[in-house]
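Good morning, and thank you for the time on today's agenda.

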Amino acid sequence: MKQSHPIADEFTAECNVFRASSSRVTLSMPLWAFIMDSRSASLRPVLVTRVDAHVSRFVLEELRAANGQWAVDTGSGVYDTRSGYRLRGFSELWMGVPAGRHRLEGFEATRSSGLGALSFDVHVRTRAEKQARVGAVLHHLFAGLGGETPERWGRYDPLTQPWSEDALTEELRREMPVARRRYVAGSGGAAGSVSAARSRDGVLVQARGVVPIGTCERPGDGAGLSLEAVPTVLPTLVELAERFVPNVVLVSYVQVEERLGSVGQSVGLRPADVPVAALLGARAVRDLRIDVDRVREEFGAVPVGSRRAPSLIV
């Protein structure tokens with residue numbers, strides 16, 4: 001007797017498979033529920049799309065959090081979207097696909113099309129106080145890095161709730177001690193997420209996202225971009241260190257693609273992310289026993305915040 005699953009199109013002892021036929025794949029409620037169901041069952045989710053599909057950043061972030069993967073079906077075979085090689089089984093998405101198999105077009109060289117954007121991954125601490133607002137750090141990064149403001153938020157697409165730090169904070173507070181991520185769309189193409197968890201000394205907030213900024217000359221040999229090349233980053237991080245209590249903040253220059261208002265990726269070999277800056281909070285500087293003066297002199301690091309307990313931008 002053939003077994004059926006209420007959400008997944010296919011499932012095995014190790015993974016669930018969701019097949020999307022649309023050319024534009026967003027984090028719809030059924031897809032979100034599929035990923036949540038996979039996580040609760042300790043199964044790894046696999047999204048299978050058309051070869052010409054565009055997958056939104058929100059989908060990719062939920063897959064990453066669930067240790068999931070994205071593959072494409074050409075009609076004659078299923079392929080890994082990271083390497084472009086043909087799969088013999090979904091387990092190869094985690095084990096690796098041997099080189100030498102048939103490879104999709106578009107993986108011979110990195111693609112040059114797309115939008116330049118600044119990506120951020122931010123971890124800050126806040127006190128568990130009534131006046132604390134979980135979305136404030138995301139709002140700060142949208143505005144500082146790209147001059148945008150948050151417009152809509154929600155658990156999955158379409159994001160229907162108008163931006164409100166009060167409403168977002170209240171919804172996450174009701175889920176504590178661990179609140180799942182909510183997604184946020186900005187006024188000019190920015191896309192982000194925010195989640196929170198209660199700790200012994202307050203609330204840990206994570207904000208992730210991308211803010212389109214246009215093209216920027218890439219350095220060679222895997223080097224990072226200088227802060228001078230992206231002038232919005234340093235003042236944004238300095239103010240972040242003054243307004244919030246950061247643990248760690250990472251900012252990179254990345255390439256994204258936009259389709260009908262959705263920021264994400266399509267199939268192909270894209271350029272590697274380029275690091276721009278990192279902000280280490282005062283606790284990290286102390287725990288790692290970093291010599292602030294030496295790092296400033298040798299690497300041009302910028303101390304910010306309290307003199308007695310500085311954070312450090314490198």
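Predicted model: local features only at pLDDT ≥ 70, side-chain atom pairs only at ≥ 80, totals over all residues.

Let me begin with the largest pocket, which has a volume of about 760 Å³. It is lined by 31 residues, and those closest to its centre are Arg57, Leu60, Gln265, Arg270 and Asp273. Which elements give two or more residues to this lining? They are the helix α2, at 57–65, and the strands β6 (69–73), β8 (115–126), β13 (202–212), β14 (245–259) and β15 (262–266). The largest share belongs to β14, which supplies six residues. As for residue class, the lining of the largest pocket holds 11 nonpolar, 10 polar and 10 charged residues.

I turn now to the second largest pocket. The space in this one is about 370 Å³. Its lining consists of 21 residues; Thr126, Arg127, Ala132, Arg133 and Val134 are the closest to the centre. Two or more lining residues come from each of β8, α4 (136–146), α5 (165–175) and β13. Which element gives the most here? That is β8, with three residues. By class, the lining of the second largest pocket divides into 11 nonpolar, three polar and seven charged residues.

Thank you; I am glad to take comments.

Conventions: Residues numbered from 1 in each chain as written. Heavy atoms only, no water. 1 Å grid on protein atoms, 1.4 Å probe; cavity = no way out; pocket = protein on both sides within 12 Å on 5 of 7 lines; lining within 4 Å. Points joined across faces, edges and corners; volume = space filled by probe spheres on them. Helix = DSSP H or I, 4+ residues; strand = E, 2+ residues; numbered from the N terminus. Nonpolar A, V, L, I, M, F, W, Y, C, P; charged D, E, K, R; others polar.
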